[in-house]
Amino acid sequence: DYQTSILSEEVTVFESRKEDIVTELSKITRELDTFKFKKDAILRESEHKLRDKDELLTKVERLEQEFSRTDIVEESLRLNLSQLQREIHQSLEEKKESDLRLATLKKDQIQFNTDVAELNEKYFEVRGLLNATKEALASLSFTDFANKVQKSFPEEVLFLPDTVNYKETAQALPEEARKAIDLWLNRFLVGQNFNFRKLKEFAAKEKTEQFSLSILDGRPAANREPDSGIPLTHFIACKEEYPEVFHFLSKVYYLPEEASAAFSMQPAETFFTADGVIFSGLNHLTFTNAQEDGILSKKNKLETYTQKADALEKRLINKKNHTQKNQQNIEQTEKILAEINEKLADLQKKQFTLLGELNTFQYDRKKRQEELVNLRVKYREISERTETIELEIADLEDSLHRLQDERNALKRNLDDLTEQNLEIVDRYEEVKRQHDSLKMEIAALKGQLEPLKRSVEASAKQHNFLKESFQQKTEELDQLSK
């Protein structure tokens, strides 16, 4: 009974310890399962995060590459815009210069037109004077007679007005003196051997009542002081082909007002005074009161007007050429200006388009930059979460190792208990053998050993129960170990 009691107590203690170990083992197993579930969940999250991280890294690298290319594209757009702005500035400068040139040309054109109108007016005025002088010269009957004489006696008779011209110095002559000289110059010049009768008969035939004639001789002119007479050659120019006329006029003098009242005359000399008196020979004086210019003055005026008309005509032609050329320049400048305006409009349109492209590009670039910043932030967050997950996994690994160590320790304890249970079983078998050996004694002493029998039977039952319970617990431990 004592041994059975002790065995019963040991079995009770064993069962209590075994239940504790099984309970603790179940708890640890559940914790292990929980940690494994958490580990699996964290590993799945880690895989997702790593995939997201790789995808984000790919997107970031792609966006960075695109962003680096956008710098090149933007720089290209800015260069194109800068080039376009330079072309616009150049076109504006050309337009400014063309506008200024056109304004200058138009202003010049107005002045040219004014000059042409003035020159036209002067030209027609001079032409009027020229025609009037021609008509006045043609109206002189003596001029017609002189032309006929020269045609009839071309080698023998000179008409003095055809061989001379007034010099500019003649402008200093008083009006009366110049007109007196004009009248006196209306004469013919002949040589000493000329047959006067032929000229007289010709004049009678032409019904010319009077004409003047001078004989050319070779006598030299006297040397005179300026106050005693100024040679007419000082006021009149002779044509080079008539040297005899120059020699003749060198003996014709003009007496200024300040000339000496008393002067001597040679027979071949002629003097003109300031008031138009003509001294011819020693005792002949001619007084003139002419109202019109003579032939020479009219011829001089005719030549002067002709020169002026020619000069004005040349100036007019030149001015008209300038006006025409200036008008062509105006038209050409207007054409250039129209082309510049067209080019400028096209450039400004291109500039507007390019500015729109640049603004759109900059907006897209800004959006890309914001997206890149957001991706980098998200990538950093995922990286931080990945690091946190790695730390959590490390903590879970430590916890798993700890729990596995605890479970292994419990398994070892359970194994020890199993060994102890085997010892109890052995001891039980020993008790059973002892019980069998004593059975006969018990049978003999059945009446005395009936309580012992019942105790043995109860121990056997308890032993069976413990055995079955032990086997069940062992199976549970084996299942937990798996």
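Analyst: This is a predicted model. A residue is called buried when its relative accessible area is under 20%. Tyr254 is therefore buried, since its relative accessible area is 7%.

User: What does Tyr254 form an aromatic pair with?

Analyst: Tyr254 pairs with Phe235 in an edge-to-face arrangement, with 5.7 Å centre to centre and 90° between the planes. Phe235 is also buried, with a relative accessible area of 5%.

User: Where do Phe235 and Tyr254 lie?

Analyst: Phe235 is in the loop between strand E5 (230-231) and E6, whereas Tyr254 is in strand E7, so the pair ties together parts that are 19 residues apart in sequence.

User: How many aromatic pairs does a search of the whole structure find?

Analyst: The search finds five aromatic pairs. One of them is the stacked pair of Trp184 and Phe248, with 6.0 Å centre to centre and 5° between the planes. Because Trp184 belongs to helix H3 and Phe248 to helix H5, this pair ties together parts that are 64 residues apart in sequence. Ring pairs also link Phe153, Phe194 and Phe202 into a cluster.

User: Trp184 and Phe248: buried or exposed?

Analyst: Trp184 is buried, with a relative accessible area of 8%. Phe248 is buried too, at 12%.

User: And H3 itself, how many of its residues are buried?

Analyst: Eight of the eleven residues of H3 are buried, and the helix is mostly covered. Among the buried residues are Ala177, Ala180, Ile181 and Leu185, and also Arg178, Lys179 and Asp182.

User: Now the nonpolar core. Which residues touch the most other members of the largest one?

Analyst: The largest nonpolar core has 24 residues, and Leu160, Ile236 and Leu249 touch the most other members. The elements that give two or more residues to this core are strand E2 (164-166), helix H3 (175-185), strand E6 (236-238), helix H5 (243-249) and strand E7 (252-255). H3 provides the largest share, five residues.

User: What is Leu160 in contact with, leaving aside its neighbours within four places in sequence?

Analyst: Leu160 is in contact with Trp184, Leu185, Arg187, Leu189, Val245, Phe248 and Leu249. These contacts include both Trp184 and Phe248, the two partners of the stacked pair.

User: Which residues does the second core include?

Analyst: A second, separate core of 14 residues includes Ile28, Leu400, Leu403 and Leu410.

User: Changing topic: where is Leu63, and what is it in contact with?

Analyst: Leu63 is in helix H1 (residues 2-139). Leu63 is buried, with a relative accessible area of 4%. Leaving aside neighbours within four places in sequence, Leu63 is in contact with Arg368, Glu371, Leu372 and Leu375. Leu63 and Leu375 are 312 residues apart in sequence, while their C-alpha atoms are 9.5 Å apart in space.

User: What about Asn326, buried or exposed?

Analyst: Asn326 is in helix H6 (residues 295-444). It is buried, with a relative accessible area of 5%. A polar atom of the Asn326 side chain lies 2.8 Å from the backbone oxygen of Leu105. Not counting residues up to four places away in sequence, Asn326 touches Leu105, Asp108, Gln109 and Phe112.

User: Taking the chain as a whole, how many helices and strands are there?

Analyst: The chain has seven helices and ten strands. Of its 482 residues, 35% are buried. The chain exposes about 30,900 Å², and carbon and sulfur atoms supply 50% of that area. Among contacts with a separation of 6 or more, 81% are between residues 24 or more positions apart.

User: Finally, where is confidence lowest, and where is it highest?

Analyst: The mean pLDDT of the chain is 75, and 74% of its residues reach 70 or more. Confidence is lowest in strand E10 (residues 284-287), with a mean of 45, and highest in E6, with a mean of 90. Over residues 282-291 the pLDDT is below 50. That stretch has 17 contacts in the model beyond near neighbours in sequence.

Definitions and conventions: Residues are numbered from 1 along each chain as its sequence is written. This is a predicted model: local features need pLDDT of at least 70, side-chain atom pairs count only at pLDDT 80 or more; totals for chains, interfaces and linings use all residues. Side-chain values use heavy atoms; hydrogens and water are left out. Helices (H or I, at least four residues) and strands (E, at least two) are DSSP runs, numbered from the N terminus. Buried means under 20% relative accessible area, exposed over 50%, partly exposed in between (1.4 Å probe, protein chains only). Contact means heavy atoms within 4.5 Å. Accessible areas come from the Shrake-Rupley method with a 1.4 Å probe; for residues, only the protein chains shown count as cover. A polar contact is a pair of N or O atoms within 3.5 Å; within protein, one must be able to donate a hydrogen and the other to accept it, and residues adjacent in sequence count only if both atoms are side-chain atoms. A nonpolar core is a set of buried Ala, Val, Leu, Ile, Met, Phe, Trp, Tyr and Cys residues joined through side-chain atoms within 4.5 Å. Rings of Phe, Tyr and Trp (its six-membered ring) pair if their centres lie within 6.5 Å; planes under 30 degrees apart count as stacked, over 60 as edge-to-face and the rest as tilted. pLDDT is the predictor's confidence in each residue, from 0 to 100.
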